[in-house]
Amino acid sequence: SRIIFLFSLSLSLSLSLSLSLSLSLSLSLSLSLYHCRSLAGLKAFTGLEELVVDNNLLGNDLQLPRLPTLHTLTLNKNQLTDIEALLEHLAEATPSLQYLSLLGNEACPNQLVSLDKDEDDYQRYRYFVLHKLPTLKFLDTRKVCKTEQQEAEARGAFMKVVKPKSSDMVAPGDPKSESSSTLYTPLPRGSRDGKNHKGLRHPPEDTRRSCEVDLPGARGSWCCRVQSDQSQTPPGVSWIDHAIHQQNDSATVSL
């Protein structure tokens, strides 16, 4: 029994040592297609040089342990949308990074994620990434050339694509859209509703004016009340004169 115990102890120590060595000496790790949502378990792989985590469910809450020797990282086809936060985290956690691929993420604007994106959008993205991670020598599928690196140093900080806030984007038919549009209508308050529009012959009450005037007649002057729409009075003409002389329904003359 003592021999069996010593053999088991020796085997256990051997396996533990082998596992420790494999963890400490591991240089490359692939976790593609594992539906990963977190990479917290990588704390045991601080000696990694290459990490492949394509086709997973990694989002903007991605947190990597400090991997000082990691030079290759591929995060293709995940759920990354905030490019600035991701790059700031990588700059701190992976200071030796030289190869990075983010294809298939919304954070990487190209036609793989949206047909609305074009080469100009992608090039601005490259300048911004290279500005944040100046040690990169290869980004996505293309090598970083010297001219591109110089342009990133000069203008990369201004190449971030800022998406409009959802609160600023109002869909057609939204009550906010209707309320905001009424602030700019040139129509009078009573005429803003197209279904209840009264036309020019029936203007809002606040544009009508009336008064009593003495009009000469064959048997002497007589008093009457005139009413007219002030908004229809021609320039340089008194609205009273216009009310007296106009021959349509917008003015009334009564005893």
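**Close-up views of a predicted model**

Of the contacts in the protein chain between residues at least 6 apart in sequence, 39% join residues at least 24 apart. The model shown is predicted.

**View 1. The protein chain as a whole.** The secondary structure of the protein chain consists of six helices and nine strands. The protein chain has 255 residues, and 31% of them are buried. Its accessible surface is about 17100 Å², with 56% of that area belonging to carbon and sulfur atoms.

**View 2. Ile83 in helix α2.** Helix α2 covers residues 83-93, and Ile83 lies in this helix. Ile83 counts as buried because its relative accessible area is 12%, and buried means under 20%. Beyond its neighbours within four places in sequence, Ile83 makes contact with Leu102, Ala107, Tyr125, Phe128 and Val129. One of these residues, Phe128, is 45 residues away from Ile83 along the chain. The C-alpha atoms of Ile83 and Phe128 are 9.1 Å apart.

**View 3. Asp140 in the loop between β5 and β6.** Strand β5 spans 138-139 and strand β6 spans 142-143, with Asp140 in the loop between them. Asp140 is buried but has no salt bridge. Its nearest side chain of opposite charge is that of Arg126, at 4.8 Å; a salt bridge requires a side-chain nitrogen of Lys or Arg within 4 Å of a carboxyl oxygen of Asp or Glu.

**View 4. The surroundings of Asp140.** The side chains of Asp140 and Tyr122 are joined by a polar contact of 2.8 Å. Leaving out neighbours within four places in sequence, residues in contact with Asp140 include Tyr99, Leu100, Ser101, Leu102 and Leu103. Cys108, Tyr122 and Tyr125 are also among the contacts of Asp140.

Definitions and conventions. Residues numbered from 1 in each chain as written. Predicted model: local features only at pLDDT ≥ 70, side-chain atom pairs only at ≥ 80, totals over all residues. Heavy atoms only, no water. Helix = DSSP H or I, 4+ residues; strand = E, 2+ residues; numbered from the N terminus. Buried < 20%, exposed > 50% of the residue type's maximum accessible area, 1.4 Å probe, protein only. Contact = heavy atoms within 4.5 Å. Lys, Arg positive; Asp, Glu negative; His and termini not counted. Polar contact = N/O pair within 3.5 Å; in protein donor to acceptor, adjacent residues only side chain to side chain. Areas by Shrake-Rupley, 256 points an atom, 1.4 Å probe, with all protein chains shown as cover.
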